[in-house]
Structure formats: structure tokens, C-alpha cells
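Please read these points with the model open beside you.

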Amino acid sequence: MSVPRGMVLRVRTMTAAAARRTALAAQGFAAPRPASTDRRTVLRVLEKTQVLQLDSVSAVVRAHYAPVFSRIGPYDRALVDEAAWSHSARRPRRLVEYWAHEAAMLPVEDWPLLRWRMEQYRNGRWGGAREVLARNPSLPEDVLAVVREFGACTAGEVEKHLELDRPRSKDHWGWNYSDTKVVCEQLFAIGELSVGKRVGFQRHYELTERVLPPQVHSRLIEEPEAVRELVRRSATALGIGTEPDLRDYYRLHRRQTEPAIAELLDSGELEEVRVDGWDRPAYLRGGARVPRQITGAALLCPFDPLIFFRPRTERIFDFHYRIEIYTPEHKRVHGYYVFAFLLDGELVARVDLRAERASGRLLVPGAFAEPDRDTPRVAAELARSLREMAEWLELDTIEVGERGDLAALLAAVLTPVGRTRS
């Protein structure tokens, strides 16, 4: 919507609490949990989040499964696997992997929106890839030839096929396993390979034309149009956000997002608002829901889309959150793999979790309440959520350690269950 010359556009003000409820509703936390779960229920979560980040850490459960559980409760994880890595005429693939917010699964239809990024990666996604390509200029075509002939392969399988054709020798072999893996990843980055399936979380690379429908694979979208659509999707997923928030969701650049935001403001799809306590303008998605209250509880993994942009998490929830996986153990404040605990629209606690599948235990090395919280209620609700998670992961017991100011109270609440010990 263009503003006539001389007219001053009044910017609406929102309270921080209203902005927080808007953000939670956009991410699916204002809706009641479904009575039952199926493929459609899982895909509705994707309509809210737009992406599910992938991560190799499996301390509790893989990162892409956890946000679905946080929003709809216990469900069959095979539903996500089937949507991403299985394909049939009756049940076509609905999700595809690519670099969106880091490595992520996104709707198949969104893949062409990132073609401009694939072109950016054409000469190597990172310096190491460029070095490998310079050292082995024929390796990309060799890898593609193997996948074309044998179908979806891991990098190790590709290398074995190459060894059959070109025996390793000091005089002839010019690459090793790591180079093959790097080239597979490079071909994935430029869109020539995709992920046909995963087994044990290992990528099986496949020709993209055999993963995506022809109308998706062949679709070309110019960068400005694609970025505008990505910002629109960011705004849908966030409900309300600053320019850095909208930029981070798909890891865009400010020079891309600022023109896109201006166009979406002009079309009325975004509205500039002022949020109490925020230090920069915010943009409200047209039609975003602003519920009067948010109820319910959820455990949020470190890579949940609600909280994966840490500055936004701190601004909206007053919750300083850092992942400590790569921090030496003696320097960790809260633990190795810490879930945030959402209760009635607030982040009220954090809990270090580990799933020990061999012994059937959900381990809770530490539990920490945020300041000025009703800790007995927090402990009771957290215990309920942990029992639900343990049941979902088919773990028999929950064991609470001693770290954190909430640990003793949580252990006391859990102990009467009979199947839980500390």
C-alpha cells in the first residue's frame, strides 16, 4: 500500500506479550493437540514452521522429529520419514532436503526458491570444496555417472564403484574418501544431487531429477522473486519479526531482505509495528493470529524453529539460550543437550536430556528453573511432559540427576510414578 506524499503513516504499537503470543500462534502453539496423528497432521506442522532443521546429534531424538512432537504430541516418526524419503504414485514425496536454515527439510514445492543459492555455490560452497574440485576436476562427473547408473548411493558406495572402474594406485588414484564425500556434498549444494533416502541418518545421494517432480525440478525463479517469497514464508512462520528475524529464517542477506520487506509492506502482506521493549521495527504478517492466551506445555529441542535464532529467543522470551555441545564439559552451564520448557506461553525452565536406548532410560542430568517461577507447578508440568516424551521414545524409566535448582523437586514429583528413579 503506497502512502501519498505528505501523509504520515501511524505505526501501530503492540505489547511485548501480544507479540510473544503472535509468535507462538504462528508456530502452532495456540492450537489444541489433535485427537489422533497421521501424515496430514504432520504436514500441517510444516505449514506452520515451513522448515525442519536437520542435525546429526541424536542425544535424545533427531532434531527434525522433535518440533513435530512439541506441537502435536506423540506420533509415529515414520510419518516424517515417509514424507521425506519415500515415494510412490499413491503417496508422493512431500519434503526434500536442502540448505534452508542450515540443513533442513522443506516442502518439495519450495526447492526452486533456493536455486539462486545453488548458483552461488557453483564454484564451491566453502574453501575446502574449491580445493577438492581444483585437485580433482573430473570427480564430479565421475560421481554423477555412478549415481546415474546405480541409483541412490552413500558417498562410501560411490567410492567403491569408482574403485572398481579405476583401481587405486600410487600413480593413478587422485582422490580419497573425503574428497568423494566433499564432491557429493558439493553436487548436493548446487542442486545436481539430492537425497533419495536416509538409512541410519546417512545420506543416499540421488540425481535431483529423480527425486523431484519434473515441474518442480525444471522451474526457474529469479532471485528477487524467490527471496520475496522466502521472506513471505519467514513472516508466516514467525508471525511477527524484525528484519534480522526474517533474514535468519532462511539465512538470507540484509541486501536481499530489505527490498523484499519493502515490497511486502507495499502490498499489505506485512505491517510495520512497534513492539514495547524491542529496539527496532517489527513486521506483522497480514492475517497473523494474536490469541488472548496460550496454554499448554512443550519441550523444545535446541533446533526448534521457535527458538533457533537465539537473539529473537532472548528478545521475545527473556531467555538467554546457548547450545553447549561443543563447550568442554567442565565449562558447561546447563548441559550437553538442553531442551527449553514452554509452559503457558513462557519459557520457564530448561532441562538437560539424554535417551539411553540400550537400557530404556530417559536421563535428566540437570533441570533448571527460570527466575521468579512457580517451581512446584513447573516441576509438575515438566514431569508430565517428560513422561510423555519417554513413552513416545519407548523408554521405560526416567532418572533425574542432581544438577540444577529444579532437579530435586522434579525427582520428588516423578518418584511416585514407580517406574522412575533418581
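1. Two strands count as paired if DSSP finds at least two bridges between them. Strands (E, at least two residues) and helices (H or I, at least four) are DSSP runs, numbered from the N terminus. This is a predicted model, in which local features need pLDDT of at least 70, side-chain atom pairs count only at pLDDT 80 or more, and totals for chains, interfaces and linings use all residues. Residues are numbered from 1 along each chain as its sequence is written, and side-chain values use heavy atoms, with hydrogens and water left out.

2. Strand S7 (residues 240-241) pairs with S9 in the antiparallel sense, over two bridges. Here glycine 241 lies opposite tyrosine 283.

3. S9 is also joined to strand S8 (residues 270-275), antiparallel, by four bridges. Leucine 270 faces arginine 285 of S9. The S8-S9 hairpin has six residues between its strands, and glycine 277 takes a positive phi near 90°.

4. Within S9 (residues 282-285), Ala282 and Leu284 point one way, Tyr283 and Arg285 the other, and all are buried (under 20% relative accessible area, 1.4 Å probe, protein chains only).

5. Helices H12 (residues 223-238) and H14 (residues 254-266) pack at about 75°, their axes 9 Å apart. The axes are lines fitted to C-alpha atoms over the stretch in contact, with angles from 0 to 180 degrees between N-to-C directions. The two helices are therefore roughly perpendicular (65 to 115 degrees).

Note on methods
Buried means under 20% relative accessible area, exposed over 50%, partly exposed in between (1.4 Å probe, protein chains only). Angles under 35 degrees count as roughly parallel, over 145 as roughly antiparallel, 65 to 115 as roughly perpendicular and the rest as oblique.
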